[in-house]
Amino acid sequence: MSGINFGLIGASGYIAPRHMRAIKDTGNELIAALDPYDGIGIMDSYFPQAYFFTEYERFDRFVDKWRRNGNKKIEYIAITTPNYLHDSHIRFALRSGANAICEKPLVLNPHNIDQLKIIEEESGKKVFNILQLRLHESIVALKNKISKELLQNPDRIYDVDLTYLTSRGKWYFISWKGDEDKSGGVATNIGVHFFDMLSWIFGPIEENIVHLKQPDANAGYMRLKNANVRWFLSVNYDYIPENIKNSGKRTFRSIKVDGDEIEFSDGFTDLHTKSYEHILSGEGFGLDEARNSINIVSSIRKMSPIGLRGEYHPFCKKVVE
């Protein structure tokens with residue numbers, strides 16, 4: 001064996017194979033994986049020799065045994081479990097002497113971040129959040145462009161429309177993703193990395209309004225330091241524009257800045273590998289970087305929608321008509 005030893009908590013979900021690939025692409029080893037669901041033949045494509053556990057207690061014992069062997073120690077644990085379990089699994093990684101690499105959203109509430117900072121200090125290990133949009137070439141180019149313009153005019157305010165629809169079937173609402181207590185709801189589950197990206201580019205949030213809040217669609221308005229943002233997020237196929245449906249696609253992403261479309265449809269396939277390279281090179285996005293977006297989605301969850309008043313996203317009319 002060569003490279004760094006990894007563990008993985010949550011091996012059967014949609015995003016887990018991207019982590020397996022990232023571990024492999026960076027020349028490292030997946031030693032052990034945990035998931036209560038055992039139908040994960042996908043592991044054969046990446047790490048057929050990895051140990052696999054369906055019970056947390058046996059995985060805990062295995063990781064602890066390897067921790068006491070300096071040559072075998074698991075140095076990173078990747079976490080791709082349901083959102084409400086992230087906090088607990090990050091704690092497990094840190095207390096096991098490993099760094100944690102966690103999918104978004106890092107946690108559901110800002111106070112969880114405060115507690116994790118304490119455990120980071122106690123353990124001497126680090127928590128890294130996958131915020132892959134910060135590594136997307138088109139988004140990086142946009143940030144560089146906006147940063148230059150703000151140097152010339154620091155008070156400039158941009159008008160931004162964020163639209164993201166990713167169709168999900170009936171299973172979605174039966175699964176943990178349809179349970180707000182477990183997923184955080186639509187804005188948290190599919191929107192958190194977009195809110196992170198927007199606050200990364202345009203500055204911290206100054207005002208937050210929710211116009212629409214339904215199990216399958218959330219919409220609102222936020223004022224950032226240098227942008228007014230209208231946003232619409234949904235998992236309902238019916239709200240996708242007809243021309244997109246006619247092309248056979250079930251996902252629609254759009255970011256407009258002052259009316260100009262930012263093209264970022266492609267370039268998503270290797271962002272997890274880029275994220276791992278970033279982390280393993282001594283960089284990576286930690287607890288402090290995650291805080292802005294967690295503050296935003298946590299406050300959205302607690303707010304009552306005001307209806308179609310003020311600066312609402314035009315897609316809201318698709319829902320209320």
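1. Helix axes here are lines fitted to C-alpha atoms over the stretch in contact, and angles between them run from 0 to 180 degrees between N-to-C directions. With that in hand, and bearing in mind that this is a predicted model, take helices α4 (residues 110-123) and α11 (residues 287-302): they pack at an angle of about 160 degrees, with their axes 9 Å apart. Anything over 145 degrees counts as roughly antiparallel, so that is how α4 sits relative to α11. The crossing of the two helices is right-handed.

2. Who makes that contact? On the α4 side you'll find Pro110, Ile113, Asp114, Leu116, Lys117 and Glu120. From α11 come Leu287, Asp288, Ala290, Arg291, Ile294, Asn295 and Ser298.

3. Now the sheet. It is an open one of 6 strands, in the order β3-β2-β1-β4-β5-β6, and the pairing is parallel. At the edges are β3 (51-53) and β6 (127-129), each of which pairs on one side only. From one strand to the next, the twist averages 20 degrees.

4. Strand β1 (residues 5-9) deserves a look of its own. All 5 of its 5 residues are buried, so the strand is largely enclosed by the rest of the structure. Asn5, Gly7 and Ile9 point one way from β1, while Phe6 and Leu8 point the other way. For the cut-off, buried means under 20% relative accessible area.

5. On one side, β1 pairs with β2 (residues 29-34) in the parallel sense, over 5 bridges. The bridge partner of Ile9 in β2 is Leu34. To get from β1 to β2 the chain goes through helix α1 (residues 16-25), and this β-α-β crossover is right-handed.

6. β1 also pairs with β4 (residues 76-79), again in the parallel sense, this time over 4 bridges. Here Leu8 has Ala78 of β4 as its bridge partner. Further along the sheet, β2 and β3 run parallel and are joined by 3 bridges, with Ala33 partnered by Phe52 of β3.

7. What lies across the sheet? Helix α10 (residues 271-280) lies across β1, β4, β5 (99-102) and β6. Relative to β4, α10 runs at about 150 degrees.

8. Leaving aside residues up to four places away in sequence, His89 touches Ile9, Tyr56, Ile79 and Thr81. Two of those belong to strands already mentioned: Ile9 is in β1, and Ile79 falls within the β4 range of residues 76-79.

9. Two backbone details to check on screen. The peptide bond from Lys104 to Pro105 is cis, with omega near -10 degrees. Pro105 is in the loop between β5 and α4, the latter being the helix that packs against α11.

10. The other detail is Asp258, which has a positive phi of about 50 degrees although it is not a glycine. You'll find Asp258 in the loop between β11 (251-257) and β12 (260-262).

Key. Residues are numbered from 1 along each chain as its sequence is written. This is a predicted model: local features need pLDDT of at least 70, side-chain atom pairs count only at pLDDT 80 or more; totals for chains, interfaces and linings use all residues. Side-chain values use heavy atoms; hydrogens and water are left out. Buried means under 20% relative accessible area, exposed over 50%, partly exposed in between (1.4 Å probe, protein chains only). Two strands pair if DSSP finds at least two bridges between them. A crossover is right-handed if, with the strands pointing away from the viewer, the path from the first strand over the helix to the second runs clockwise. Angles under 35 degrees count as roughly parallel, over 145 as roughly antiparallel, 65 to 115 as roughly perpendicular and the rest as oblique. A crossing is left-handed if the near helix is turned anticlockwise from the far one by less than a right angle, and right-handed if clockwise. Contact means heavy atoms within 4.5 Å.
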